[in-house]
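Hello,

Here is the structure I promised to pass on. Please open it first; my notes follow below.

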Amino acid sequence: MPDSTLIVVESPAKAKSIQKMLGPGYEVRASKGHVADLPERDLGVNIEADFAPQYEVKKDKQPVVNDLKKAARGKRVLIATDPDREGEAIGWHVARLLGLNPQNPLRVEFHEITPKVVRAAVQQPRPIDQKLVDAQQARRVLDRLVGYQLSPVLSMEFRRRALSAGRVQSVALRLLVEREQAIEAFVPQEYWSIEGRFESEGQQFKALLYSVGQERVQSGEKFLITNENQAHTIAREAQTIPNYRISSIERRERRRNAPPPFITSTLQQAASSRLGWTASRTMRIAQRLYEGVDLPEGTVGLITYMRTDSTRVSQEALAEVRKFIPERFGTAYLPEKPNFFTGKKAANAQDAHEAIRPTSTERTPDALRKHLSDEEYKLYSLIWQRFVASQMTPAVFDQTTVNVSGGELVFRAVGSVLKFDGYLRVYGREEGDDAENRLPPLREGAEARLLKLTPEQHFTEPPPRYTDASLVKTLEEMGIGRPSTYAPTIETLERRGYLERSGKSLKPTPLGREVTGYLVKSFPDVVAYDFTAQLESRLDDIEEGKAAWPKVVREFYEPFLKDYRKIPQKLCPKCGRPMELKVSRFGQFLGCTGYPECKYTERLEIKKEPEPIGETCPACQIGQLVRRHGRYGTFISCNRYPECKYTRDEAPSTGLECPKCRTGEIVQKTSKRGKPYYRCNNPSCDFLSFDPLVPDKCPVCGWNEIAKGRSGKRACSNPSCERYGGPDLEALNERRAKQSSKGKGKAKAKGQRSAQPAKPSATWADLEPLIARVGLTPDQAEVARRTQGQQKAVAEVAKALGKPEDETLKLFRQAMFKLRMEYGKARKEPVGT
């Protein structure tokens with residue numbers, strides 16, 4: 001048995017934490033994620049050989065693999081990548097590259113990173129679970145088959161770069177698009193409510209009209225009072241009724257049970273609604289809490305593994321929290337038995353890990369405050385509060401329902417009062433919870449007098465746009481995706497320009513809508529909800545050993561291939577062969593598949609010509625204004641550019657006059673990072689705000705007010721006003737000036753370097769003597785000699801040698817690179833060596 005053990009984990013932060021916990025005799029290294037994958041620019045899947053994947057070491061991970069190989073020499077190796085499918089696959093690749101047998105006991109799992117758990121885990125290694133690896137392999141291969149073939153189709157169809165499609169992201173985008181279409185198709189329905197103020201035995205209270213005769217005022221989406229005339233007719237009738245009485249009073253106790261501890265999806269939903277965070281931000285901070293934080297007691301992981309779909313909790317954690325609750329809050333807050341949560345299990349839930357919980361309930365958020373960043377503290381508090389609340393007693397409300405009858409009319413008042421806070425003591429109320437509504441003491445059968453009636457008009461609301469929270473919840477309920485995929489999916493849609501954010505809301509862009517429309521029409525299976533959810537179920541079958549992974553890939557690939565073959569191909573106008581999407585150092589372009597015989601190419605993106613808008617240029621009074629398409633959207637300029645340089649923004653107007661110049665309008669612009677900001681469209685005005693302006697005027701200076709953040713708190717948009725709420729413009733300008741001076745300094749230094757006399761470039765006479773020294777292959781040497789270092793001679797040499805021109809060019813470049821490198825080394829050698 002070797003004296004030392006090498007443990008391979010995924011992240012450097014985790015490696016640092018575990019190294020401190022294990023101490024001497026252990027060396028912990030990080031793979032920094034995946035070390036091997038399918039090739040970047042090739043399909044990498046042999047479809048004819050049962051979809052056999054062709055893995056290769058990732059370019060940026062070759063040094064990592066080399067270091068791991070050196071570190072593993074003469075040592076026992078344990079692989080402790082994340083405890084999920086992805087982590088199992090990474091561990092399998094690491095074992096394969098280090099020459100280890102995956103069937104040997106070398107795999108360990110850390111469901112929480114604490115000294116006790118880590119030390120116990122390294123004593124109980126197991127073989128790598130090949131079924132988990134196969135499930136991940138099936139997902140990766142199928143995603144490559146679909147994405148590698150479908151993404152170029154989208155780019156060619158829309159003539160745009162960097163478009164992509166995928167199983168989960170395309171379905172998520174379809175949800176966003178269909179919700180937006182439902183919002184646009186929504187027709188508001190008018191309805192009216194009537195509120196009455198009553199007095200009974202000296203007590204006043206309000207009640208809403210509940211029914212007229214035997215018909216309810218509102219039943220689901222059906223409304224009885226749909227216009228003003230009906231509302232006022234009923235109101236007049238109500239005022240003519242001589243006697244009202246309290247016909248019934250119903251009092252009952254309502255209990256609200258504690259919520260379960262977090263799983264991945266509910267954590268993302270709660271962080272979105274309570275903290276306003278995106279799913280990716282939530283997972284990034286949760287990863288830091290899981291990997292470990294430096295505390296006085298040492299480095300400790302504060303939460304359990306954060307990619308889970310199970311609400312299960314270990315017996316040790318239950319015992320600890322049940323001891324903590326009565327000590328901190330009293331025995332009334334501890335239920336007789338632990339709370340267990342089953343509920344509605346998602347279609348693809350695996351129950352592989354515990355719920356997300358603190359590794360120790362004793363580590364309260366307040367005790368850790370000074371050791372955590374603001375983000376870490378907020379998320380840890382949320383996780384700690386939810387877990388503790390999950391094992392507390394229900395909240396108890398006293399609910400009272402009072403019916404007031406008169407003639408054929410019944411008014412109803414509902415009061416709800418918190419009687420015992422239970423788990424709310426820790427977790428608080430959710431967003432949207434009704435506030436308490438206390439009713440005065442009333443007596444059933446007592447007379448009531450109508451004091452006032454207030455008819456009020458309403459309109460039904462369209463379905464809300466998805467947020468991170470509601471989209472994740474919907475995907476989970478539909479069985480689409482996994483805990484680890486929700487955040488990357490939303491992030492990819494945003495990065496590709498398929499969605500944009502408006503506060504918390506997610507809105508599909510025009511491009512996102514066009515892509516979805518094309519996919520629904522041409523690749524219905526790719527964006528079919530059931531089809532995608534079934535795949536997740538089949539991946540679970542692979543993991544459980546119920547299905548072979550190539551068979552599952554074939555089940556889902558063949559329907560896609562059937563649709564793919566129906567897509568009409570773009571043909572080369574020169575030779576008639578199909579065109580394909582190609583990549584060069586300058587980006588994507590269309591090229592003929594007959595290359596090198598046919599060298600026809602096209603730009604992928606078709607340049608849009610300026611569009612006249614029918615206005616004369618206000619600057620030169622000669623030219624006509626046109627709409628141009630730039631990198632960051634459209635803008636208006638004179639068609640006589642560069643003789644006339646007039647331009648103006650073309651951006652959505654807020655309808656507000658600029659408070660500074662009083663001539664321009666405030667328009668909404670979008671920064672390079674996708675953030676909205678507001679500026680004046682008058683070119684001579686420099687007004688700028690990062691917060692939306694509102695029509696209300698500042699009582700001090702008269703400029704428009706701005707609405708700050710989610711709270712909507714009002715401040716002034718005038719930097720000179722005492723109520724100003726924008727950024728520190730002086731500090732902003734100072735930072736810009738420093739950045740500008742740094743740039744000038746770099747440019748000056750570069751100019752000074754370029755001013756130095758350039759070293760003479762190597763001639764063929766300098767390079768030819770080095771051919772024997774650098775070890776060129778015979779073909780490389782032959783091509784180098786025949787071309788004499790001149791690339792323009794490659795075509796002629798290729799013809800003379802009977803070789804393809806692209807192969808000859810490759811040999812030429814390889815030879816010249818080696819010769820020039822050797823020439824450079826020789827020039828640096830000191831004289832006499």
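One caution before the details: this is a predicted model.

**Backbone**

Start with Asp50. Its relative accessibility is 41%, so Asp50 counts as partly exposed. Asp50 sits in the loop between β4 (45–46) and β5 (52–53). Its phi is positive, about 55°, although Asp50 is not a glycine. Glu201 is another non-glycine residue with a positive phi, about 50°. Look for Glu201 in the loop between β8 (190–200) and β9 (203–212). For context, most residues other than glycine have a negative phi, and most peptide bonds are trans.

Two cis peptide bonds are worth a look. Tyr595 and Pro596 are joined by one, with omega about 10°. Pro596 belongs to the loop between β22 (587–592) and β23 (601–603). The bond from Tyr641 to Pro642 is also cis, and omega is near 10°. Pro642 is in the loop between β26 (633–638) and β27 (647–649).

**Salt bridges**

Side chains of opposite charge can pair when their charged atoms come close. How many salt bridges does a search of the whole structure find? The search returns 50.

Arg307 and Asp82 come together through their side chains, at 3.9 Å from N to O. Is Asp82 buried or exposed? With 5% relative accessibility, Asp82 counts as buried. Arg307 has 21%, so it counts as partly exposed. The cut-off matters here: buried means under 20% relative accessible area.

Glu805 and Lys599 form a salt bridge, with their closest N and O atoms 3.4 Å apart. This pair also links distant parts of the chain, 206 residues apart. Glu805 is in helix α24 (residues 805–828), while Lys599 is in the loop between β22 and β23. That loop also holds Pro596. Glu805 is partly exposed, at 33% relative accessibility. Lys599 is partly exposed too, at 44%.

Lys546 pairs with Glu544; their closest N and O atoms are 3.0 Å apart. Lys546 is exposed, with a relative accessible area of 61%. Glu544 counts as partly exposed, at 46% relative accessibility.

Then there is the network. Salt bridges link Glu86, Arg139, Asp143, Arg167 and Glu536.

**Nonpolar cores**

The largest nonpolar core has 120 residues. Which residues have the most contacts inside this core? They are Phe110 and Leu379. Helix α5 (residues 130–158) gives the most to the core, with 10 residues.

Leaving out residues up to four places away in sequence, Phe110 touches Ile18, Ala80, Pro83, Val118, Ala121, Val122 and Tyr290.

Another core lies apart from the largest one. This other core has 27 residues, including Ile194, Val212, Ile225 and Ala235.

**Where to look**

For salt bridges, begin with Arg307 and Asp82. For the largest core, begin with Phe110 and Leu379.

Best wishes

Note on methods:
Residues are numbered from 1 along each chain as its sequence is written. This is a predicted model: local features need pLDDT of at least 70, side-chain atom pairs count only at pLDDT 80 or more; totals for chains, interfaces and linings use all residues. Side-chain values use heavy atoms; hydrogens and water are left out. Helices (H or I, at least four residues) and strands (E, at least two) are DSSP runs, numbered from the N terminus. Buried means under 20% relative accessible area, exposed over 50%, partly exposed in between (1.4 Å probe, protein chains only). A salt bridge is a side-chain nitrogen of Lys or Arg within 4 Å of a carboxyl oxygen of Asp or Glu. A nonpolar core is a set of buried Ala, Val, Leu, Ile, Met, Phe, Trp, Tyr and Cys residues joined through side-chain atoms within 4.5 Å. Contact means heavy atoms within 4.5 Å.
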